[in-house]
Amino acid sequence: QVQLVESGGGLVQAGDSLRLSCAASGRTLTTATMGWFRQAPGKEREFVGCISWYGRTYYADSVKDRFTISRDNAKSTVYLQMNSLKPEDTAVYYCAADRFIGYKTSDYEYWGQGTQVTVSS
């Protein structure tokens, strides 16, 4: 079993930065792909980005050049650095884990509970 716990969400102003963390426990995730998704009110959960076990990253066009995903396997933690935040980035952010790289929610088996990010204009 794998447990994922996100932290670092909060209320910020447009243009600010925020870093989310996702701490993993249980089965080792050293060789897992870690993904970040978000869900705004009334919308479907959408792909933000992911990082492979060897460090290659993939991003949605909407966050490319503003968001950066990194991982510290020694700490079993994945990070989502969000810069130049916009009101449209407001959502609950979820981390997820699975063996392979994927861009859909159905590609991931394990999920955290989510952390709220609110960006005011």
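Predicted model: local features only at pLDDT ≥ 70, side-chain atom pairs only at ≥ 80, totals over all residues.
A disulfide is a pair of cysteine sulfur atoms within 2.5 Å. Residues are numbered from 1 along each chain as its sequence is written, and side-chain values use heavy atoms, with hydrogens and water left out.

**Cysteines**

- The structure holds 1 disulfide, and the torsion about the S-S bond of Cys22 and Cys95 is about 50°, so the bond is right-handed.
- The pair links distant parts of the chain, 73 residues apart: Cys22 is in strand β3 (residues 18-26) and Cys95 in strand β9 (residues 91-98). Strands (E, at least two residues) and helices (H or I, at least four) are DSSP runs, numbered from the N terminus.
- Cys22 is buried at 1% relative accessible area, and Cys95 is buried at 1%. Buried means under 20% relative accessible area, exposed over 50%, and partly exposed in between (1.4 Å probe, protein chains only).
- Cys50 is in no disulfide; the nearest cysteine sulfur, that of Cys95, is 13 Å away. Cys50 is buried, with a relative accessible area of 0%.

**Aromatic pairs**

- Rings of Phe, Tyr and Trp (its six-membered ring) pair if their centres lie within 6.5 Å; planes under 30 degrees apart count as stacked, over 60 as edge-to-face and the rest as tilted.
- Phe37 and Phe47 make an edge-to-face pair, 5.6 Å centre to centre with 75° between the planes. Phe37 lies in strand β4 (residues 33-39) and Phe47 in strand β5 (residues 46-51), so the pair ties together parts that are 10 residues apart in sequence.
- Phe37 is buried at 1% relative accessible area, and Phe47 is buried at 14%.
- Phe47 also pairs edge-to-face with Tyr103, at 5.2 Å centre to centre and 90° between the planes. Tyr103 lies in the loop between β9 and β10 (110-111), so its pair with Phe47 in β5 ties together parts that are 56 residues apart in sequence.
- Tyr103 is partly exposed, at 45% relative accessibility.
- One aromatic cluster is formed by Phe37, Phe47, Tyr58, Tyr94, Tyr103, Tyr108 and Trp111.

**Arg45 over two rings**

- The charged end of Arg45 sits over the ring of Tyr94, 3.6 Å from its centre. A charge sits over a ring if NZ of Lys or CZ of Arg is within 6 Å of the ring centre and within 35 degrees of the ring normal.
- Arg45 also lies over the face of Trp111, at 5.0 Å from the ring centre.

**Positive phi in two serines**

- Ser76 has a positive phi, near 50°, in a residue other than glycine. Ser76 lies in the loop between β7 (67-72) and β8 (77-82) and is partly exposed at 35% relative accessible area.
- Phi of Ser84 is also positive, near 50°. Ser84 lies in the loop between β8 and β9 and is partly exposed at 41% relative accessibility.
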